[in-house]
Amino acid sequence: RKSGLQQCQEKRPHIVLVDAVGIDKAVFIKDVKKKDPDTQVIAITTLEELNTIRILGLSLSDFIIKPVNRDLLLVVLDRAKKRYLAHKELRQLRESQERYETLIKSSLIGIYIDHDGRIEFANKKFAQIYGYSLNELIGMESWRLVHPEHRAMTDSIRKKGYEERTPPLSTRPRASRKTAEQSGSSGGMSG
C-alpha cells in the first residue's frame, strides 16, 4: 500500500484533503507544496488542531472543522478549484511573459514601444542602431529619431492611427542617429 505522499507524487492532484494535522501531516503538507506550490491543501481539523496549524505556519488553502458538513465541503472544494486554476493561469502568464521578454531583449532586430509620442521601451539592438544608450532612449520623444526631412510624413502616419502598419518602401522614413556632437565625442555617426 502506497503512502499519501507517494500517491500525490504519482497522480499530482490539484486538491489534497488532509485529516488531523500533526507533525507527520505538517511534513506531508510541506512536501506536497514543495512538489507543486499551486496544489491546494485543505485540512479537515478540530478547533484545537487549528493552533497547531498556526504554530507550524502551514501553507493551507483552507480548512474545515469536524464534523464535516457536506455542503460546506463542496463550497470549500469549489473555492480551492478556482484558486488552483487562477494560480496555474498566473504562473503560465508569468512564464510566457518571461519568454517574451527574453525574445524581445535578445532580438537581432531593433524594437521599441512608442506611447503618446515617447519611447516607453527599447531593446539593446534598437539602442545600438540609433547610437543611444537605453537610459537615453527611454522617455525620449520618438520624433527625435526621425530624420528632419521625414518628420511630417511620420506625423501623418501617426495621426492616421497607424492604419497602414508599414509604409511602402518608397516612402519609408529615414532615421536620425545620434551624432558625435550630441554624444560629446570627436568622431562618430551623423544624421
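Colleague: Hi! In what sense do strand 2 and strand 3 pair, and over how many bridges?

Modeller: Hello! Strand 2 and strand 3 (residues 62-65) run in the parallel sense, with 4 bridges; two strands pair if DSSP finds at least two bridges between them. Strands here are DSSP runs of E with at least two residues, helices are runs of H or I with at least four, and both are numbered from the N terminus. Do keep in mind that this is a predicted model, where local features need pLDDT of at least 70, side-chain atom pairs count only at pLDDT 80 or more, and totals for chains, interfaces and linings use all residues. Residues are numbered from 1 along each chain as its sequence is written, and side-chain values use heavy atoms, with hydrogens and water left out.

Colleague: Thanks. Which residue stands opposite Ala 43?

Modeller: That is Phe 63 in strand 3.

Colleague: And what about strand 1, how does that pair with strand 2?

Modeller: Strand 1 (residues 15-19) pairs with strand 2 in the parallel sense too, over 5 bridges. Asp 19 stands opposite Ile 44 in strand 2.

Colleague: Is strand 2 enclosed or open, and why?

Modeller: Strand 2 (residues 40-45) is largely enclosed by the rest of the structure, because 6 of its 6 residues are buried. Buried means under 20% relative accessible area, exposed means over 50%, and partly exposed is in between, using a 1.4 Å probe and protein chains only.

Colleague: Which residues sit on each side of strand 2?

Modeller: Gln 40, Ile 42 and Ile 44 are on one side, Val 41, Ala 43 and Thr 45 on the other, and all are buried. In a regular strand the side chains alternate between the two faces of the sheet.

Colleague: Changing topic: which peptide bond is cis?

Modeller: The bond from Lys 66 to Pro 67, with omega near -5°. Pro 67 lies in the loop between strand 3 and helix 4 (70-105).

Colleague: Is Asp 116 buried or exposed?

Modeller: Asp 116 counts as exposed, at 69% relative accessibility.

Colleague: Last one: how many helices and strands does the chain have?

Modeller: There are 8 helices and 5 strands, in the order α-β-α-β-α-β-α-β-β-α-α-α-α along the sequence. Of the 191 residues of the chain, 26% count as buried.
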